[in-house]
Structure formats: structure tokens, C-alpha cells
Amino acid sequence: MFATLPLFPEQASTVASQVDALFYFLIGVSSVFAVLIATLVVYFAVRYRRRSAADRPEAIHGSLTLELAWTLIPFALTMVMFFWGARVFVTLRRPPDNALQVFVVGKQWMWKLQHLEGRREINQLHVPVGRAVKMTMTSEDVIHSFFVPAFRVKQDVLPGRYTTLWFEATKTGTYHLFCAEYCGTEHSAMIGQIIVMEPSEYQTWLSGGPVTASLASAGETLFTDLGCISCHRSDSGARGPQLVGLFGKRVQLQGGATLVVDENYLRESILDPQAKIVAGFQPIMPTFKGLVTEEQLMQLIAYIKSLAAAPDQQIAAPAADTQG
Ligand code: CUA
């Protein structure tokens with residue numbers, strides 16, 4: 001109904017119309033009540049104005065019907081808003097399992113993006129049309145916010161942890177990417193483009209450009225270079241937890257708590273290894289804080305995730321390491 005009005009950005013994702021429908025409903029309800037209340041204020045002011053010094057209007061002792069009406073109608077309306085809003089929220093929070101993966105690092109004042117397959121971009125993101133894309137995001141400095149108006153998605157990008165966002169573009173074209181959290185002098189210049197392409201064009205684009213290793217294989221190289229492999233290998237003498245098949249699994253920690261291994265837990269375990277020790281292991285891992293960049297962290301995590309997808313993989317002990 002409002003699609004032709006230039007008040008709203010165009011709708012270019014699967015959730016855009018759902019978000020807009022909810023928004024129109026909220027605007028509609030608010031407008032009806034605003035007009036109703038304003039009209040009644042004026043009407044009552046005139047109707048019940050003081051007419052003489054000895055004005056004695058009859059006292060009102062209440063009306064059950066009226067009280068029920070002004071309780072139940074707003075209650076019903078707010079419940080509709082709550083459940084409708086929750087449904088849209090859950091849709092926005094749950095990326096489909098087959099989503100393409102893109103990793104985002106925000107910094108003052110640019111967006112650095114990398115595809116799982118390896119290709120990197122700055123302030124530009126190429127994605128295929130009709131395919132869900134999941135962004136895993138963090139910041140190198142302050143809080144930023146990844147905002148694509150045409151897709152109706154916005155998510156804060158925080159230093160020190162990962163947040164995610166997903167969308168599925170429905171139309172090819174170029175769309176605005178904004179930073180929606182004030183982040184310093186050039187906040188307003190922290191902008192970019194989302195370029196939505198036909199899937200075949202996207203494949204061509206993805207395989208073009210400089211040859212870069214996939215995120216997981218870059219992670220594997222780092223895993224060896226940093227020496228992670230000497231403790232986290234797949235034999236019985238390993239001093240660190242087994243990483244093959246770990247991602248997405250529930251693990252037990254010292255003290256009895258359990259948690260499901262996700263990106264944020266892996267991140268914490270690399271930067272602050274003493275924070276949550278898996279039951280049965282010693283707190284001997286050194287921190288890698290300051291030794292790995294945000295990009296390298298994402299590579300390591302992509303590698304560990306890739307180990308979950310192939311349960312028959314083994315992490316072999318390096319030849320030089322003879323300790324048990
Ligand atoms: Cu980054 Cu505002």
C-alpha cells in the first residue's frame with residue numbers, strides 16, 4: 001500500500017515486507033489513539049467547561065463496561081504487537097543453516113569483509129540474489145552498527161565479541177550500507193555498498209580477483225604457525241581439548257557447568273583461555289591476546305568450524321614435536 005511512497009527505502013530482502021507490515025501496524029495504532037485522545041481533550045474541554053461560580057456537576061461513580069473496555073482493548077492490542085514483533089524478531093535472529101558466510105570487521109572508519117572462500121572486500125559486499133547470507137561481525141575499536149535500509153536489517157558490531165545478522169536479497173542491484181552507531185569523526189563517511197548479483201555472476205566474481213586461501217585453510221596454516229597444533233592434536237597424549245567435531249557440541253566445564261561451543265566461546269578461549277576450562281584439562285594454555293588480529297581470529301575459528309563438518313579428520317602431531 002505504501003510501496004510507492006518515497007518515504008521508505010525500497011524493499012529488497014525477504015524480511016523487508018514483514019518488518020514494514022509490523023511498522024505500519026504500530027504507526028496505525030499510534031495514530032488512531034493520538035487522534036482519538038487529542039479530539040477528546042478538545043471536546044471535553046468545551047463540553048465540561050466551567051460555566052458559573054457555583055457549578056456543581058454530578059459525581060461519577062464508575063462504569064464497569066467502560067473500565068473493561070479501556071483495559072481489554074489496549075491489552076489485546078499490545079499482545080498482538082508482542083507476538084507479532086517476537087515472530088519477526090525470531091526470524092531476524094535465526095539465519096538459515098545453508099546461509100553463505102561472510103565475516104565482517106568494523107573499524108574507524110571502514111568495513112572490512114571477507115567471504116568464507118577467501119575473497120576480501122572493503123566497504124563493498126558482493127552477494128548472490130535469492131540466497132541467505134550470514135554475517136559474523138566484530139569491531140577492532142569502538143561500537144559500530146551494520147545497517148542496510150533496503151534489507152531492513154541492522155545490528156550493532158561490538159569490540160570483543162561476535163554478533164550476527166542475516167538477510168536474503170530478493171532483487172539484484174546496489175544498496176546502501178551505513179554505520180548506524182556514532183563512532184567518531186568520520187562516522188558519517190563509514191558507508192558502503194551491497195552489490196546483489198545473479199548467482200552465476202556472483203560465482204564468477206568470487207573466483208576472480210587475487211588468489212586468496214579460504215578462511216579455513218588460512219586458519220589451518222595459522223594453527224600450525226602459532227603452535228596450537230602441539231597441544232590440540234587428535235592423539236591421546238594431547239594436552240588440550242580435541243577440536244575435531246567440537247563446534248556446536250555441548251562441553252562440560254570445570255565446576256560442572258556446560259555450554260555449547262560457538263564462535264564467541266572459541267574467541268574467548270583463544271584470547272582468555274583461563275576463563276572457561278573444559279573439565280579434565282589443566283589451565284596451561286597461554287593467551288593469544290595481542291598476538292592475533294581480528295581477521296586471524298576469524299580464520300582460526302573458521303578452521304575449527306571446518307573440523308566439525310568432517311568428523312573423520314585427524315589433526316596430526318607435527319613432526320618436530322615429540323612430547324607426550
Ligand atoms: Cu562506525 Cu559509525
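**Exercise 1.** State which residues line the largest cavity of this predicted model, and sort them by class.

Solution. On a 1 Å grid over the protein atoms alone, a cavity is a set of points where a 1.4 Å probe fits but cannot get out, and lining residues have an atom within 4 Å of a point. By this rule the lining consists of Leu100, Gln101, Val102, His115, Glu117, His126, Val127, Pro128 and Tyr202. Next, sort them: 5 are nonpolar, 3 polar and 1 charged. Finally, assign elements: β1 (100-107) and β4 (124-128) each give at least two lining residues.

The model is a prediction in which local features need pLDDT of at least 70 and side-chain atom pairs count only at pLDDT 80 or more, while totals for chains, interfaces and linings use all residues. Residues are numbered from 1 along each chain as its sequence is written, and side-chain values use heavy atoms, with hydrogens and water left out.

**Exercise 2.** Describe the confidence of the model.

Solution. pLDDT is the predictor's confidence in each residue, from 0 to 100. Start with the whole protein: the mean is 84, and 92% of residues reach 70 or more. Then take the elements: helix α4 (residues 215-225) has the lowest mean, 80, and strand β6 (residues 144-148) the highest, 95. Last, residues 319-324 fall below 50; this stretch has 7 contacts (heavy atoms within 4.5 Å) beyond near neighbours in sequence.

Terms used:
Helix = DSSP H or I, 4+ residues; strand = E, 2+ residues; numbered from the N terminus. 1 Å grid on protein atoms, 1.4 Å probe; cavity = no way out; pocket = protein on both sides within 12 Å on 5 of 7 lines; lining within 4 Å. Nonpolar A, V, L, I, M, F, W, Y, C, P; charged D, E, K, R; others polar.
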